[in-house]
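Here are my notes for you on this one. Have a look at the fold yourself before you read on.

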Amino acid sequence: MQSSQSKLMKLFLYPFLFGLLIFNVVQLSAQSRRLQTTKEPVWITANTIDYTNASLDNQAEDGYIDLAFEQQVSLDLQTVYYKKAYKIISEAGIQNRSELSIDFDPSHEQLTFHKLIIFRDGKVINKLDASKFKIIQQESELSRSVYNGALSAVLFLEDVRKGDA
């Protein structure tokens, strides 16, 4: 016959080990999801952005201004292309825009980056390095036992300066 101490240990130990196993599998699953990098698709319409335009600089909120936001859709490929451009005006803009976070659901979405560049003093600096992205799983409704499987690709851009676009 088992002692009460042994029964008590099993009562607490087994659920803990099971919970630990699930956590590790979820973490491994989230880390195995990689984002892709490719050239821009041929089907998009290329629109140029004037990164030197300073006419809106005095209207900057949170230390940056939005220079462009594009959304283009290919119904044939069932693909959506986004392009965003910001101009950093102050130190607050560095803090507010040097972290990128893009949410996606890997069950039906594939996240692909085409470009990630900084314009500084007329020069183009390529910041697209897929290995620097962290793929994390944020289950905001886990306390209600709701699991949606969504992931976030997070990148902390290094060496962002006032005046960068």
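1. First, the ground rules. This is a predicted model, where local features need pLDDT of at least 70, side-chain atom pairs count only at pLDDT 80 or more, and totals for chains, interfaces and linings use all residues. Residues are numbered from 1 along each chain as its sequence is written, and side-chain values use heavy atoms, with hydrogens and water left out.

2. Start with the largest nonpolar core, which has 18 residues. (Such a core is a set of buried Ala, Val, Leu, Ile, Met, Phe, Trp, Tyr and Cys residues joined through side-chain atoms within 4.5 Å; buried means under 20% relative accessible area with a 1.4 Å probe, protein chains only.) Leu35, Leu116, Phe133 and Ala153 touch the most other members. The largest share, 3 residues, comes from β9. (Strands are DSSP runs of E, at least two residues, numbered from the N terminus.)

3. Now zoom in on Leu116. Leaving aside residues up to four places away in sequence, Leu116 touches Leu100, Ile125, Asn126, Lys127, Leu128, Phe133, Leu155 and Leu157. (Contact means heavy atoms within 4.5 Å.)

4. Next, find the open sheet of 3 strands, ordered β4-β9-β8 with antiparallel pairing. (Two strands pair if DSSP finds at least two bridges between them.) β4 and β8 (134–137) are at the edges with a single partner strand each, so one side of each has no neighbour in the sheet. β8 and β9 share 4 bridges, and Lys134 sits opposite Val154 in β9.

Conventions:
Buried < 20%, exposed > 50% of the residue type's maximum accessible area, 1.4 Å probe, protein only.
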